[in-house]
Amino acid sequence: MSQSEPLLEAILNGDAKAAAALAGAALESGMDPLELVTKLMIPAMDEVGRLFECEEYFVPELLLSGRAMRAALEVVRPRLVAAGAQPMGRVVIGTVKGDLHDIGKNLVSSMLEGGGFEVHDLGADVPPERFIDAIREHKADIVALSALLTVTMPAMKTTIEALRQAGVPDNVKVMVGGAPVTQQFANEIGADGYSDNATSAVALARRLMGGRTT
Amino acid sequence: MRNEYKHLAISDLSGLRYGVAPKPVRCGNELQIGAGQVLPEVNFTLPAIEVCAANWNRVLEHYDEIGRNVVARAVALRAPGVVLEFELLPAMTETPEWGAEITALLKRHLRTAHEKHGLKSALRVTPTDIRDQVKPPVLRSGQPWERLRRSFELCVAAGGDILSIESVGGKELHDYGLMYGDLRAIVCALGVLAPRDMAWLWDQIVEAAAANPNAIPGGDTACGFANTAMQLAHQKMLPEVLAAVVRAMSAVRSLVAFERGAQGPSKDCAYEGPVIKAITGCPIAMEGKSATCAHFSPVGNIAAAMCDLWSNESVQNVRLLAGNAPEAYTELLTYDCRLMNVAAARGQALVMRDWMTESDEWLSPQAAVLSPAATLRIAQAIVAESNPYRRTLAAGRTAAAILREGHTAGLLALAPRERQWLGRIEDELSGMPEQEDALLAAMRDEQGSLFDLRSYGLAGQ
């Protein structure tokens, strides 16, 4: 793995151009694309997450690393598709109806992508019907709901109820988060998981996938 | 442009203090703001309840209870006056009649208390800026703008005394800048886009206020910019030094409201208010430790040093041991104001101001840029420039210099990663183009998908 260290550094340093170039060079040298992603690139993002948790990285460093990760993934993806590789999981994410806040949601979205998930971001103020449509369209494994206002938290419950009424199967897991949201609230509304920050959201998503890929 | 600010209204430290503004305003039920006393501004919201037609009666019950309880507590404490702020939730702005109904309900409580007990009061109404529902935001046309405009119209007709908004023009680029630590995006948002939206929007708000001789256009806030940065810094997501520099720069876009006819008081969450006050002479609302019901504050005491209204940001109508939360916070704010006003009556306002300042100033970069001395320095840097872009750069450079000088003098401790970021901010601000065209062109190339030039009157450039 002669390109491993510089590619790791490029992702850690948020250098998208270098990450893309080094990923291409690694593939040209014969590295298996799936190994490149699972053994090097995703662990690099896990290290970024660790540096963020340890308060060595701020969000800009984290997101720039995420951008570098995506740039490298763009290079690797055609080889992964050709090899029939699947993402870690497919996630539909959005801020619930009535809530316009999206920064936290954007952060989680970026971290999930860095963690190898395929993410479909619906934006903010998303009614239940759009979540349902997106779950079906993208064959989502996970739906992630965000809310930043106490008055919009009830929309999380409404959304989950709508999912079940629409026949979205139980194996599509629901995770929730946002400043006023708590584990207790998540339990009350029937969510499958709750996370209070972007990096633990990735760990939660992996747990909800239960070791399977999509 | 109605007001050009080329000089400071308050140029001396002795003139910059709480309770007194060179241009006090009179509004509502015989209320004067900035005329010598600090007054409480009580801000409230609903508990976790979905705002919809099915729940509307419950919603009204909450606001009725809030109005009744807050007024009763103010009367019991013999408050010299009180401002209630009704922040419309998005659903209430999207259905303007709802916002108007609550405005009228709250106004009735204030009117009754004035008639029965002589309580001086005013009602601030703050519709939600719902114009960013689509991406990129469409700010000058379309249904969200029409509903926002209608909200102002109906709330004025229903008795709103002070009109405010937490406007978001430019936020779409600013959020990106914060998330990626991109100073160019931040400066372009605050110095190029936001001032243009502020100018257009506040022309509309001033016009809406003119429909009722009793309504005044109060002011705006950089909440969606600088308070977002402040809260992200508190969560260790952003450097504090960045939040502090953003705070200083955000004063320029908030000032535009006053250039177009706002009279004050500015919104409570406009922590850049002291800079506005120094430049315009208009009264300001501030919040600090009193907003602990809503969020953490690194500027809990210093925020009061130059305020004319003292606010609690927002508290849910939930039951506490002493009563409901809004009435409890009415009491808290009233006592805070009492102490400040007694100090002033005894000729000790500047001493009190300086104690409040000193207790916070060098414990956080965000407090360091809020001191009276820093305020005057930033304000002077702003008025020395001729356009919002150069003013924004000047404010940012001045704030960075204040932080650097404080750190070098051993007053402001900065962690290594904060120091690293301060150096980066200094370098990037000093390297920015001196005219906005070059920066706007670069942002259009790199992040043009985030914002719509037509929303800022820049189409065709």
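Reader: Is strand E1 of chain A buried or exposed, taken as a whole?
Author: In this predicted model, 6 of the 6 residues of E1(A) are buried, so the strand is largely enclosed by the rest of the structure. A residue is called buried if 20 or more other C-beta atoms lie within 10 Å of its own, exposed if 12 or fewer, and partly exposed in between, with C-beta atoms placed from the backbone. Strands (E, at least two residues) and helices (H or I, at least four) are DSSP runs, numbered from the N terminus.

Reader: What should I keep in mind about the numbering and the confidence limits?
Author: Residues are numbered from 1 along each chain as its sequence is written, while chains are lettered from A and ligands numbered from 1 in the order in which they are written. As the model is predicted, local features need pLDDT of at least 70 and side-chain atom pairs count only at pLDDT 80 or more, whereas totals for chains, interfaces and linings use all residues.

Reader: Back to E1(A), which residues point which way?
Author: A:Arg90, A:Val92 and A:Gly94 point one way, A:Val91, A:Ile93 and A:Thr95 point the other way, and all are buried.

Reader: And which strands does E1(A) pair with?
Author: E1(A), residues 90-95, pairs in the parallel sense with E3(A), residues 142-146, over 5 bridges, and E1(A) also pairs in the parallel sense with E2(A), over 4 bridges. Two strands are said to pair if DSSP finds at least two bridges between them. On the E3(A) side A:Ile93 has A:Ala144 as its bridge partner, and on the E2(A) side A:Arg90 stands opposite A:Glu118.

Reader: What is the order of the sheet, and which strands are at the edges?
Author: The sheet is open, with 5 strands in the order E2-E1-E3-E4-E5 of chain A and parallel pairing. Its edge strands are E2(A), 118-121, and E5(A), 193-194, each of which pairs on one side only. Helix H9(A), residues 198-209, packs on this sheet and touches E1, E3, E4 (173-177) and E5 of chain A, its direction making about 165 degrees with that of E4(A). Such angles run from 0 to 180 degrees between N-to-C directions, and the axes are lines fitted to C-alpha atoms, for helices over the stretch in contact.

Reader: Where is A:Ile160, and what does it touch?
Author: A:Ile160 is in helix H7 of chain A, and with 22 C-beta neighbours inside 10 Å it counts as buried. Leaving aside residues up to four places away in sequence, A:Ile160 touches A:Val174, A:Ile189, A:Gly190 and A:Ala191, where contact means that the C-beta atoms, placed from the backbone, lie within 7 Å.

Reader: How many residues does each chain give to the contact between A and B?
Author: Chain A gives 18 residues and chain B gives 24. On the side of chain A, the elements that give two or more residues are helices H4 (59-82), H5 (103-114) and H7 (154-165), and the largest share, 4 residues, comes from H4(A). That side has 11 nonpolar, 4 polar and 3 charged residues, where Ala, Val, Leu, Ile, Met, Phe, Trp, Tyr, Cys and Pro count as nonpolar, Asp, Glu, Lys and Arg as charged, and the others, Gly among them, as polar.

Reader: Switching to chain B, how do H10(B) and H11(B) cross?
Author: The axes of H10(B), residues 325-345, and H11(B), residues 349-360, come within 7 Å and cross at roughly 135 degrees. That makes H10(B) oblique to H11(B), given that angles under 35 degrees count as roughly parallel, over 145 as roughly antiparallel, 65 to 115 as roughly perpendicular and the rest as oblique. B:Met340, B:Ala343 and B:Ala344 of H10(B) meet B:Ala349, B:Val351 and B:Met352 of H11(B), and the residues of this contact divide into 6 nonpolar, no polar and no charged.

Reader: Which backbone details in chain B deserve a look?
Author: Cis peptide bonds join B:Lys135 to B:Pro136, with omega about -10 degrees, and B:Gly264 to B:Pro265, with omega about 0 degrees. Phi is positive, near 55 degrees, at B:Arg78, and positive, near 70 degrees, at B:Glu313.

Reader: Are those two buried or exposed?
Author: B:Arg78 counts as exposed, with 11 C-beta neighbours inside 10 Å, whereas B:Glu313, with 24, counts as buried. B:Arg78 lies in the loop between H1(B), 56-76, and E4(B), 82-87, and B:Glu313 in the loop between E9(B), 309-311, and E10(B), 315-316.

How values were computed
Contact = placed C-beta atoms within 7 Å.
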